[in-house]
Amino acid sequence: MGCMKSGPVLSRKDVKYHEPEFWKFGEEGNKYFRHATGQIYAVSKDLATYISINQPILHKYANEDVSLGSWLIGLEVEHIDERSMCCGTPPDCEWKAQAGNICVASFDWSCSGICKSVEKIKYVHSKCGEGDGAVWSALL
């Protein structure tokens, strides 16, 4: 489960998320297979166990989300495109929250996470989260 995508395979060495094994994905300009974007995703206990047991023989690509997606191709698994995992930082997640669609995670595409997260995390949560009590007052 995650924010499913199928982006371009980046063959140029000077770009972020360069894939050294780009040639394995066919002709230049091809896209990756469908997979959950790396900011946040979830797998079942059975799938996590399978990955743990087979880890030594599972190929690892340059990007962990692509690796995980490749491991699922030949398996009978359900891919769930959960749009609440596809939120950007404000104003994107703020608009979704106002419409009643709370985001599970927010991220900036430009830096694969929340850019300057230490400074911005409380701001993002205040604009996009489910209220102060959900995180800042949590008892662990």
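The exposed residues Lys-45, Asp-46, Ser-52 and Ile-53 sit on the face of H1 turned away from its buried side. Here exposed means over 50% relative accessible area, buried under 20%, and partly exposed in between, with a 1.4 Å probe and protein chains only. Helices (H or I, at least four residues) and strands (E, at least two) are DSSP runs, numbered from the N terminus. The model is a predicted one, in which local features need pLDDT of at least 70 and side-chain atom pairs count only at pLDDT 80 or more, while totals for chains, interfaces and linings use all residues. Residues are numbered from 1 along each chain as its sequence is written, and side-chain values use heavy atoms, with hydrogens and water left out.

The buried residues of H1 are Leu-47, Ile-51 and Asn-54. Seen down the helix axis, the buried residues of H1 fall within an arc of 80°, so they line one face of the helix; the arc is that of the directions from the helix axis to the C-beta atoms. An α-helix has 3.6 residues a turn, so residues three or four places apart point the same way. H2 is part of what covers the buried residues of H1.

H2 itself is mostly covered, with eight of its nine residues buried. These are Asp-65, Val-66, Ser-67, Leu-68, Gly-69, Ser-70, Trp-71 and Leu-72. The buried residues of H2 pack against S1, S2 and H1. Contact is taken as heavy atoms within 4.5 Å.

Asp-65, in helix H2, has a relative accessible area of 8% and is therefore buried. Apart from neighbours within four places in sequence, Asp-65 is in contact with Lys-5, His-35, Ala-36, Thr-37, Gly-38 and Tyr-41.

Asp-65 also belongs to the lining of the largest pocket, where it is one of the residues nearest the centre, together with Lys-5, Tyr-17, Thr-37 and Asn-63. The lining has 16 residues, and the pocket has a volume of about 330 Å³. S2 and H2 are the elements that give two or more residues to this lining, and S2 provides the largest share, four residues. By kind, the lining divides into six nonpolar, seven polar and three charged residues. Ala, Val, Leu, Ile, Met, Phe, Trp, Tyr, Cys and Pro count as nonpolar, Asp, Glu, Lys and Arg as charged, and the others, Gly among them, as polar. A pocket is an open set of points on a 1 Å grid over the protein atoms alone, where a 1.4 Å probe fits, with protein on both sides within 12 Å along at least five of seven lines; lining residues have an atom within 4 Å of a point. Grid points are joined across faces, edges and corners, and the volume is the space filled by probe spheres set on the points.

The structure also holds four aromatic pairs. Phe-25 and Tyr-32 form an edge-to-face pair, because their ring centres are 5.0 Å apart and their planes stand at 80°. Both Phe-25 and Tyr-32 are buried. The pair of Phe-25 and Tyr-61 is tilted, at 5.3 Å centre to centre and 55° between the planes. Phe-25 lies in the loop between strand S1 (2–5) and strand S2 (35–41), and Tyr-61 in the loop between helix H1 (45–54) and helix H2 (64–72), so this pair ties together parts that are 36 residues apart in sequence. Ring pairs join Phe-25, Tyr-32, Phe-33 and Tyr-61 into a cluster. Rings of Phe, Tyr and Trp (its six-membered ring) pair if their centres lie within 6.5 Å; planes under 30 degrees apart count as stacked, over 60 as edge-to-face and the rest as tilted.

Tyr-17 is in the loop between S1 and S2, while Lys-116 is in the loop between strand S4 (106–107) and helix H4 (117–128). A cis peptide bond, with omega about 15°, joins Pro-90 and Pro-91. Pro-91 lies in the loop between strand S3 (87–88) and H3.
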